[in-house]
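Dear colleague,

Please find below the structure I promised to hand over. My notes on one helix pair and on the spaces inside the fold follow it.

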Amino acid sequence: MRSRQAAKNMIASLFLQGVVFLSGIILPRFFLQEYGSNINGMVTSVNQFLVYLGLAEAGIGTASLVALYTPLARGDQEEVNGVLSASRRFYNRSGYFFGALTAGLALIYPYLITQQLSASLVRTMILILASSTLVDYFCLGKYKVLLTADQRGYVVSYVQAAGTLLNMLVTILLIGQHANVLLVKAAATLVYILRFFLVRAYVRKHYREVDYHVPARMDQLKQKNAALLHQVVGVIVNNTDVALLTVCLGSRSLLEVSVYGIYNMVVYAVNLFLNSFSNGLTAGFGEVISRKEKDVLRQSFSSYEYVYMMVVFGIFICVWMLILPFVAVYTLQVTDANYIRPWSAVLFTLIILLQNIRIPGLTIICAAGHFRETRHQAVLEAVINIVVSLALVWHYGMNGVLLGTVCSYGYRSVEIMIYNARRLVEGSGRTTLHRILRNTAVSAVLIIAGMQVVPQEMTSFVTWTCWGAAVFAAAAASLGIVNYLCEPGEFRKLLERFQTIIRKGKKNHV
């Protein structure tokens with residue numbers, strides 16, 4: 001049952017990430033060509049500042065998920081309702097706090113980008129972009145928590161995918177009519193808000209026994225503050241770059257942020273795809289941990305990590321060889337900023353590897369709710385990021401903040417793998433290290449050889465797609481063969497697991 005639910009969540013998450021990837025790749029190009037790099041940079045910068053304000057969520061979602069795993073596993077509806085009621089109350093408080101912070105941002109932000117865009121345009125854009133987050137706090141958050149904890153996150157994924165497709169269509173149509181950028185973003189936000197009604201209808205139909213207004217079990221969200229600390233660290237590490245570029249680079253800040261945004265668009269799309277593997281599995285691992293099934297946990301984690309390492313290193317190879325020609329084609333008709341930056345491309349690619357190599361271990365830490373136990377390491381990661389970035393941003397600009405991110409990710413990824421091997425999946429450290437080393441060796445050989453063959457200057461997406469398919473095929477074949485030869489038993493178990501899931505799916509369909 002757990003395997004089937006995990007498979008459904010993973011498929012839905014992959015579908016969503018595919019849709020988000022298409023939207024994330026297609027829409028910025030329309031924005032760049034229609035409104036220019038300054039507007040694109042402003043939207044990117046505002047979104048990153050809103051992520052900071054999103055700390056008003058205060059770790060509620062993560063703490064609620066951890067609190068729900070055990071009562072859902074044992075069918076304790078009274079405790080489930082108590083946790084959900086507490087979650088609703090915390091989300092409402094956070095919504096009011098976020099609204100106040102957004103008003104403050106709307107007043108202050110225009111002074112950070114003086115003489116680059118009009119203050120009224122910027123302030124209105126902030127309020128439009130923030131409105132969808134307010135709906136999440138007051139309306140949607142409490143439903144997403146329940147569905148995710150009950151391993152039905154696929155419902156939210158499919159609803160969000162449909163909303164993203166509709167949003168993309170509406171946005172392209174409006175830009176094609178040369179509509180004002182504020183109207184374009186307002187229409188997209190309204191489409192995004194519609195998903196709330198679909199998710200609420202599903203919960204009311206399938207969870208008739210759920211009551212969000214019973215006496216709240218506030219004590220069950222005891223991990224909220226620890227989860228908030230990790231959330232703060234995540235926001236600092238993942239979003240400090242744009243904030244520092246906006247504040248430190250003066251009159252050229254929006255152009256630099258626009259360049260950063262195009263490269264980071266690729267990173268974001270890749271991370272969405274890779275996170276889809278963990279998003280569908282966290283709840284399942286949480287149930288296994290709550291039942292104290294150590295052997296099941298060890299075996300499942302090994303299979304998960306085995307597959308994940310092949311995927312992440314395959315993507316690493318492809319991005320290293322293809323990101324620069326992609327940006328060249330993507331910005332072919334954009335001339336108001338220099339987007340071709342080889343060293344930036346290398347640093348962004350390293351960030352993808354270092355950020356995602358930790359995901360298997362981090363999945364187990366989140367499933368186990370070990371937020372308080374790992375808070376000091378998380379704080380150190382943020383400190384490394386800020387200190388190195390501030391030291392280098394004045395002299396190296398965008399590359400300086402990227403180096404700060406590389407250093408912080410490198411430290412934290414190593415620490416997460418060590419913690420997981422010592423405290424949660426005991427004895428997995430040596431296997432993890434061997435998998436990293438052999439996949440790194442394969443990647444190095446392919447990249448050295450491939451960079452002699454793959455052209456770094458391309459002028460069409462057709463050419464880029466053909467080379468992309470060739471690089472992907474070479475990476476998949478090489479990594480697959482090497483990992484099969486090194487761990488044939490794990491490879492066979494993986495095939496057996498997929499076959500079991502497919503057979504059960506066909507049986508249920510019949």
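Helix 11 (residues 294-330) and helix 16 (residues 429-450) have axes that come within 10 Å and cross at roughly 20°, which makes helix 11 roughly parallel to helix 16, a label for angles under 35 degrees. The axes are lines fitted to C-alpha atoms over the stretch in contact, with angles running from 0 to 180 degrees between N-to-C directions, and helices are DSSP runs of H or I with at least four residues, numbered from the N terminus. Helix 11 passes helix 16 in a right-handed crossing, that is, with the near helix turned clockwise from the far one by less than a right angle.

This is a predicted model, in which local features need pLDDT of at least 70 and side-chain atom pairs count only at pLDDT 80 or more, while totals for chains, interfaces and linings use all residues. Residues are numbered from 1 along each chain as its sequence is written, and side-chain values use heavy atoms, with hydrogens and water left out.

Where the two helices are in contact (heavy atoms within 4.5 Å), the residues from helix 11 include Tyr306, Phe313 and Trp320, and those from helix 16 include Arg435, Asn439 and Leu446. The residues of this contact divide into eleven nonpolar, six polar and three charged, where Ala, Val, Leu, Ile, Met, Phe, Trp, Tyr, Cys and Pro count as nonpolar, Asp, Glu, Lys and Arg as charged, and the others, Gly among them, as polar.

On a 1 Å grid over the protein atoms alone, a cavity is a set of points where a 1.4 Å probe fits but cannot get out, a pocket is an open set with protein on both sides within 12 Å along at least five of seven lines, and lining residues have an atom within 4 Å of a point; a volume is the space filled by probe spheres set on the points, which are joined across faces, edges and corners.

The largest pocket holds about 880 Å³ of space and is lined by 27 residues, with Val270, Phe273, Ile315, Cys318 and Phe472 nearest its centre. Helix 11 gives the most to this lining, ten residues, and by class the lining has 22 nonpolar, five polar and no charged residues.

There are two cavities of 30 Å³ or more, and the second largest cavity has a volume of about 50 Å³. Among the residues lining the second largest cavity are Glu305, Met309 and Thr432, and helix 11 supplies the largest share, three residues.

Best regards

Note on methods: Angles under 35 degrees count as roughly parallel, over 145 as roughly antiparallel, 65 to 115 as roughly perpendicular and the rest as oblique.
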